[in-house]
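Welcome! Please take a look at the structure below, and then let us walk through some of its features together.

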Amino acid sequence: MAAVTKVLVLQHISCEPPGIFEDVLVARGAAIARVELDEGEPIPPLSGFDALVVMGGPMGAYEDDRYPWIDNELAMIAEAVDRRMPVLGVCLGAQLLACATGGKAYAGHGPEVGVLPVRLCAAAADDHLFGALPATIEALQWHGDTFDLPQRAVLLASSDDYPNQAFRIGAAYGIQFHVEVTSSMAQQWAEVPAYADALDSVRGPGSLPGLLAEFEIARPQMQRVAETIGDRFGDLVAAK
């Protein structure tokens with residue numbers, strides 16, 4: 001019998017779990033341990049875990065003055081990368097991964113919100129996570145911050161508004177966009193004040209029903225992409 005793999009998940013808000021990524025990892029037999037940092041839960045040591053997943057949230061990766069746990073989180077991410085542990089950072093998690101490995105996160109020129117196309121870069125063709133994906137995918141975008149790539153990062157995906165949408169450093173992956181989202185998660189995000197403000201600023205007041213309708217149309221395709229990424233990340237975890 002294969003050994004059970006253990007995946008540590010760092011959450012920053014209750015409505016942003018790993019979603020479909022977690023479903024895939026659990027189906028593969030992984031044990032998931034979630035820690036919600038915004039609720040004051042302590043970060044456990046990396047020892048005993050096979051992989052690290054870092055999710056999104058309304059705070060900025062650079063707001064360590066408001067969120068003292070960010071410094072410890074960055075240190076843990078850097079340690080995981082140094083250990084060549086599989087890491088998956090999503091949205092804020094991608095920004096934190098960039099900061100932890102020599103990049104910089106900061107407020108962007110304006111929110112990117114909606115179901116929007118993301119184009120894979122040439123380097124994605126032979127990448128383990130992205131190599132089986134279509135050249136262009138639909139993804140849910142809901143962020144205002146962005147980041148500069150660390151020097152040793154490989155860019156894997158871009159969008160028109162924000163070119164740094166996915167990157168790889170060794171076995172660590174940062175993904176700015178969302179494909180892991182379930183219908184219930186999308187509805188909950190609209191209730192987060194920072195997310196609601198970003199939506200209103202881009203699409204105007206009362207635009208939530210339209211966004212959710214667009215999301216439901218694209219959701220089956222996004223789910224297939226999330227299942228592919230999750231399964232291939234699971235390959236990296238199993239091989240660790």
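## A buried glutamate and its partner

Glu 22 is buried, with a relative accessible area of 14%; here buried means under 20% relative accessible area, exposed over 50%, and partly exposed in between, using a 1.4 Å probe and protein chains only. Its side chain meets that of Arg 34 in a salt bridge, at 3.1 Å from N to O. A salt bridge is a side-chain nitrogen of Lys or Arg within 4 Å of a carboxyl oxygen of Asp or Glu. Arg 34, at 44% relative accessibility, counts as partly exposed. The two residues link distant parts of the chain, with Arg 34 in strand S2 and Glu 22 in helix H1 (residues 20-27), 12 residues apart. Helices (H or I, at least four residues) and strands (E, at least two) are DSSP runs, numbered from the N terminus.

This is a predicted model, in which local features need pLDDT of at least 70 and side-chain atom pairs count only at pLDDT 80 or more, while totals for chains, interfaces and linings use all residues. Residues are numbered from 1 along each chain as its sequence is written, and side-chain values use heavy atoms, leaving out hydrogens and water.

How many salt bridges does a search of the whole structure find? There are 9. One of them joins Asp 160 to Arg 119, with the closest N and O atoms 2.8 Å apart. Asp 160 lies in the loop between S7 and S8 and Arg 119 in strand S5, so this pair ties together parts 41 residues apart in sequence. Asp 160 is exposed at 64% relative accessibility, and Arg 119 is partly exposed at 36%.

Arg 28, Asp 231 and Asp 235 are linked in a network of salt bridges.

## The sheet

Now for the strands. An open sheet is formed by 9 strands in the order S2-S1-S3-S4-S9-S8-S7-S5-S6, with mixed pairing; two strands pair if DSSP finds at least two bridges between them. Strand S2 (31-36) and strand S6 (136-148) stand at the edges with a single partner strand each, so one side of each has no neighbour in the sheet.

Strand S3 (residues 51-54) is covered on both faces: Ala 51 and Val 53 on one side, and Leu 52 and Val 54 on the other, are all buried. S3 pairs with strand S1 (residues 6-11) in the parallel sense over 4 bridges, and 3 bridges join S3 to strand S4 (residues 87-90), also parallel. Val 53 of S3 stands opposite Val 9, and its bridge partner in S4 is Leu 88. By contrast, strand S5 (residues 104-120) and strand S7 (residues 154-158) pair in the antiparallel sense over 2 bridges.

## A cluster of rings

Which residues do ring pairs link into a cluster? They are Trp 142, Trp 189 and Tyr 195. Rings of Phe, Tyr and Trp (its six-membered ring) pair if their centres lie within 6.5 Å; planes under 30 degrees apart count as stacked, over 60 as edge-to-face and the rest as tilted. The count of aromatic pairs comes to 6 by this rule. The rings of Trp 142 and Tyr 195 have centres 6.1 Å apart and planes at 40°, so this pair is tilted. Trp 142 sits in strand S6 and Tyr 195 in helix H5 (residues 193-203), 53 residues apart.

Trp 142 is buried at 4% relative accessibility, Tyr 195 is buried at 7%, and Trp 189 is buried at 1%.
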